[in-house]
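Q: Hey, I've just opened this one and I'm new to it. Can you walk me through the salt bridges and then the ligand?

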Amino acid sequence: MPDSAFTPSRPIPYGRQHITEADEAAVLAALRSDFLTQGPAVAAFEKQFAEYIGARYAVAVSNGTAALHLCALALDVLPGQRVITTPLTFSASANCVRYCGGEVHFADIDPATGLIDLNKVRALLDAHPQGHFTGLIPVDFAGLAVNLEQARALADQYGLWIIEDACHAPGGFFVDSQGQEQRCGNGNFANLAIFSFHPVKHIATGEGGMITTNDEALYRRLLRLRTHGITREPADLIHESHGGWYMEMQELGYNYRLPDLNCALGLSQLARADEGLARRRQLAARYDAAFAPMPGVTVLAPGHAGHAYHLYVIEVADRKGLYDYLRTKQIFTQVHYIPVHCMPYYEGLGWRAGDFPLVEEYYSRCLSIPLFPTLTDEEQDYVVACISEFLTRIKN
Ligand SMILES: *Cc1c(COP(=O)(O)O)cnc(C)c1O
């Protein structure tokens, strides 16, 4: 075990963006071009992202939360409709249902993976008449892919749509019943999938998001909803065109566009996505090896080939103690997540601590430790040494 004689030259966060000179040049070129927004970088980013993910269509939007909102709108979520999601996610996964007046319901997690337990989803669906629920929002938590083939079978049986929240998982995959790798967000099972380009995610554009789908009708609706509900497509017009300027606002949409500056950065980052993913997986394997023999540490879902490793999550008994100790060592970990149903807003809607004991038990022990492509081996060894030190010397 390396000792902690090494001191980091700067604080080590749990995640950090990687900006290169190529990224800077790409943004500068966009800044000097004719288009700061609504220009060619948008479609180029969408096309290349769709190819990377393996989906037919992609729609760039201002952030992951806007992506979720547009998905809920495109699927016509109505007041009173009931949608099931996981309590182990960022609140935005659930909030999109509330934006449309729908009701959020939860199914507890499988504690071995951190993913929504599809058996619990089935039990919830079975306990109510057909049509009681309208949708399912699974989350590829930490970068581990939900088995969407199984989720789709369930959704088809009960008449649900699926929005896959793949914010943690660009490049992640699961292996389907035919032995095929199914990439997160590829649109083969979910109606819609969403990604975020917040700097802490795999691909950074400042703020930014993307929706992917294989459904052409949903794709066209999303394009319209992203820009105020406006269309210029001759084939889609309701009235006869008045001339070259003619456009129609056909439904209530928003301005959720992603500017060319951000898309140019996204394109440049996307070119390095596989490299970053490979380094995340390499670092995760190094952590796995370091923690396997270490008593007092449990790794969440180790050894999954398709894991995209947005987060590396460990579970320890004295989580608060470890979090505070690591801060004194310049290591800034994070907790993902405080369960959504425990948030005061959701308590106001009738949910309570105690409703989902498995995710609450997980929450009491989880800690996301540093994982990002530019984390050095030396820094990682230091993180491991500090955790070991806490568990052996400080704690006992
Ligand atoms: C980051 C994130 C979002 C929201 O994305 P923003 O771009 O920050 O709006 C939604 N869901 C999950 C699981 C996320 O990690």
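Q: How far apart are Arg220 and Glu216 in helix α7?

A: They're four residues apart in helix α7, so about one helical turn separates Arg220 and Glu216. Keep in mind that this is a predicted model. The two side chains meet in a salt bridge, 3.8 Å from N to O.

Q: And are those two buried, exposed or partly exposed?

A: Arg220 is partly exposed, at 33% relative accessible area, and Glu216 is partly exposed as well, at 43%.

Q: Okay, what about Arg393, which residue does it form a salt bridge with?

A: Glu389, with the closest N and O atoms 3.1 Å apart.

Q: Is Glu389 buried or exposed, and how about Arg393?

A: Glu389 is buried, with a relative accessible area of 10%. Arg393 counts as exposed, at 60%.

Q: Where do they stand on exposure, buried or partly exposed?

A: Asp76 is partly exposed, with a relative accessible area of 40%. Arg221 counts as buried, at 18%, because the cut-off for buried is under 20%.

Q: Which residues are linked with them in a network?

A: Arg224 and Glu251 are in there, linked with Asp76 and Arg221 in a network of salt bridges.

Q: How many salt bridges does the structure hold?

A: The structure holds 19.

Q: Now the ligand. How many residues surround it, and which are the closest?

A: There are 13 residues around the ligand, and the closest are Gly64, Thr65, Asp165, Ser196 and Lys201. By class, that shell has three nonpolar, eight polar and two charged residues.

Q: Which atoms of Gly64 and Asp165 are involved?

A: For Gly64, a polar backbone atom is 2.7 Å from an oxygen atom of the ligand. For Asp165, an N or O atom in the side chain is 2.7 Å from a nitrogen atom of the ligand.

Q: And what does His168 do there?

A: A polar side-chain atom of His168 lies 2.8 Å from a ligand oxygen atom.

Q: How much of the ligand does the protein cover?

A: On its own the ligand has 380 Å² of accessible area, and the protein covers 92% of that.

Note on methods: Residues numbered from 1 in each chain as written. Predicted model: local features only at pLDDT ≥ 70, side-chain atom pairs only at ≥ 80, totals over all residues. Heavy atoms only, no water. Salt bridge = Lys/Arg side-chain N within 4 Å of Asp/Glu carboxyl O. Buried < 20%, exposed > 50% of the residue type's maximum accessible area, 1.4 Å probe, protein only. Helix = DSSP H or I, 4+ residues; strand = E, 2+ residues; numbered from the N terminus. Near = heavy atom within 4 Å. Polar contact = N/O pair within 3.5 Å; in protein donor to acceptor, adjacent residues only side chain to side chain. Areas by Shrake-Rupley, 256 points an atom, 1.4 Å probe, with all protein chains shown as cover. Nonpolar A, V, L, I, M, F, W, Y, C, P; charged D, E, K, R; others polar.
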